[in-house]
Amino acid sequence: MQRPLLYTFRRCPYAMRARMGLLQAGVEFDAHEIVLREKPPRMIELSPKGTVPVLVLPEGVVIDESLDIMRWAFDGRDDDGWWRRSASPTCLELIRLNDGPFKRCLDRYKYPERHPDSPDRDAARDEAVACLLQPLERALGAQPFLGGERPCAADLAIFPFVRQFRAVDEAWFEAQALPATRSWLQGWLESGLFQQAMKKLPVARPIPFSTA
């Protein structure tokens with residue numbers, strides 16, 4: 001039986017959350033790890049925007065937005081309520097902040113040389129904290145996961161971007177007054193789901209990505 005094919009890049013946070021969503025939902029799929037400088041022509045043909053992730057379903061349907069891939073993964077496979085819990089107003093707002101203003105600040109903090117007309121990287125860093133990490137800290141200060149006592153798809157959607165933010169300057173991040181966020185982040189970094197999603201793949205050819 002043909003399986004969905006995911007064009008992916010290991011370190012991309014969008015691709016990361018797509019892989020975690022597929023794995024958590026128990027979807028068996030093939031993964032094609034791309035080389036950014038040599039994107040597969042077939043991927044560009046299927047999704048002209050040229051960014052990962054791109055999921056190609058056996059019937060030929062193409063899904064090329066990470067949240068849409070997560071939504072598809074949990075559709076009909078959500079007995080544990082991962083997607084349902086992520087639909088709360090708090091989760092939806094945090095995802096909006098993550099994918100909008102926080103990602104904009106993250107890019108300017110991580111890659112200031114690409115944004116010479118933007119404020120300096122420290123200003124971008126501080127704005128990122130204010131726009132997402134402080135609201136995230138308030139949410140996680142009251143419960144261990146964004147889904148409450150149990151994790152949800154919103155945790156998977158936001159975690160890879162906070163991970164990337166931390167990696168820019170880990171010492172600075174660890175010194176901030178964000179204890180609940182740091183604990184939440186560390187828990188995901190040590191999770192079996194994340195370890196499975198981050199396994200290294202050979203490039204330029206599809207291989208089965210097991211959920212076992």
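I began with helices H5 and H6, where Thr90, Leu94, Leu97, Asn98, Pro101, Phe102, Cys105, Arg108 and Tyr109 in H5 meet Arg121, Ala124, Arg125, Glu127, Ala128, Cys131, Leu132, Leu133, Pro135, Leu136 and Ala139 in H6 (contact means heavy atoms within 4.5 Å; helices are DSSP runs of H or I of at least four residues, and strands are E runs of at least two, numbered from the N terminus).

I noted that this is a predicted model, in which local features need pLDDT of at least 70 and side-chain atom pairs count only at pLDDT 80 or more, while totals for chains, interfaces and linings use all residues. Residues are numbered from 1 along each chain as its sequence is written, and side-chain values use heavy atoms, with hydrogens and water left out.

I then looked up the axes of H5 (residues 89–110) and H6 (residues 121–141), which come within 8 Å and cross at roughly 160 degrees. H5 is therefore roughly antiparallel to H6 (angles over 145 degrees count as such).

Next I turned to Leu57, in the loop between strand E3 (54–56) and strand E4 (62–63). Leu57 counts as buried because its relative accessibility is 5% (buried means under 20% relative accessible area, with a 1.4 Å probe and protein chains only). Leaving aside residues up to four places away in sequence, Leu57 touches Pro4, Ile63 and Trp72.

Last I checked Asp78, in the loop between helix H3 (66–74) and helix H4 (82–85). Asp78 is buried yet has no salt bridge, and Arg84, the nearest side chain of opposite charge, is 4.7 Å away (a salt bridge is a side-chain nitrogen of Lys or Arg within 4 Å of a carboxyl oxygen of Asp or Glu; Lys and Arg count as positive, Asp and Glu as negative, and His and the chain ends are not counted).

Notes. Buried < 20%, exposed > 50% of the residue type's maximum accessible area, 1.4 Å probe, protein only. Axes fitted to C-alpha atoms, helices over the stretch in contact; angles between N-to-C directions. Parallel < 35°, antiparallel > 145°, perpendicular 65-115°, else oblique.
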